[in-house]
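Let's take a friendly tour of this structure, looking at its pockets and its packing.

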Amino acid sequence: MPTSVRPHTPLAYRPRAATAPENRTSRLALLALGLCALLALAVPALADPPKVGQPAPAFKLQDQQGKWHTLEQYRGKWVVLYFYPKSSTPGCTTQACELRDNIFAFRGANAQILGVSVDDVEAQKKFAEENSLPFPVLADASKAAAKSYGVLTRFMGVMELAQRDTFLI
């Protein structure tokens, strides 16, 4: 009696069955756990932030258009100086858009919003244009302002970013 012979398909080339929902959930849970572990490797800020009542550290930084900004030029106004880790990332985009959406309240309080990250001017320009930001986002590529405000953080011992922090000056 003849038997049917199935052609041998190597394991590596077998078509994969659809992934079951519980397998996707497990993968997402592992990914989330991995991201939490990665964030746990972040080193706390490399310096202390200025104390309440102390003068705010001076800075001179370029915005998304290449224009220079100093803290001194905003004397007599409130300054909302917010630091964020990386332009065009989900959390930073959400934060910037929430400030954008409330710009009239800040203007009504005579407050100038200034965003700062350690990205370069080109990254800031792209970020501001993509999100129609009506306030300057400043490039602190030298990381001097982030250091002086105590928000510079080292991730995994190699990457330095500003931690998310806001100063009302």
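How do the residues of the lining of the largest pocket divide into nonpolar, polar and charged? In this predicted model, the lining comprises nine nonpolar residues, two polar ones and one charged one.

## The largest pocket

This pocket has a volume of about 250 Å³. Its lining takes in Pro50, Lys51, Val52, Gly53, Gln54, Pro55 and Ala56, together with Leu71, Tyr149, Phe167, Leu168 and Ile169.

## The second largest pocket

Ala56, Ala58, Leu71, Glu72, Tyr74, Arg75, Gly76, Lys77, Val79 and Ile169 form its lining. Here the division is six nonpolar, one polar and three charged.

Ala56, Leu71 and Ile169 line the second largest pocket, and they also belong to the lining of the largest one.

Now to the packing. In soluble globular proteins, nonpolar side chains tend to be buried together. The largest nonpolar core here contains 20 residues, and Phe59, Leu81, Phe83, Leu114, Ala146 and Tyr149 are those with the most contacts inside it. At least two residues of this core come from each of β3 (78–83), β4 (111–117), α5 (144–148), β6 (152–155) and β7 (159–162). The largest share, three residues, is supplied by β3. Another core lies apart from this one; it has 14 residues, including Val80, Tyr82, Ile103 and Ala111.

## A look at Leu114

Leaving aside residues up to four places away in sequence, Leu114 touches Phe59, His69, Tyr74, Val79, Val80, Leu81, Tyr82, Pro136 and Leu138. Among these partners, Tyr74 and Val79 also line the second largest pocket, while Val80 and Tyr82 are members of the 14-residue core.

Technical notes:
Residues are numbered from 1 along each chain as its sequence is written. This is a predicted model: local features need pLDDT of at least 70, side-chain atom pairs count only at pLDDT 80 or more; totals for chains, interfaces and linings use all residues. Side-chain values use heavy atoms; hydrogens and water are left out. A nonpolar core is a set of buried Ala, Val, Leu, Ile, Met, Phe, Trp, Tyr and Cys residues joined through side-chain atoms within 4.5 Å. Buried means under 20% relative accessible area, exposed over 50%, partly exposed in between (1.4 Å probe, protein chains only). Helices (H or I, at least four residues) and strands (E, at least two) are DSSP runs, numbered from the N terminus. Contact means heavy atoms within 4.5 Å. On a 1 Å grid over the protein atoms alone, a cavity is a set of points where a 1.4 Å probe fits but cannot get out, and a pocket is an open set with protein on both sides within 12 Å along at least five of seven lines; lining residues have an atom within 4 Å of a point. Grid points are joined across faces, edges and corners, and a volume is the space filled by probe spheres set on the points. Ala, Val, Leu, Ile, Met, Phe, Trp, Tyr, Cys and Pro count as nonpolar, Asp, Glu, Lys and Arg as charged, and the others, Gly among them, as polar.
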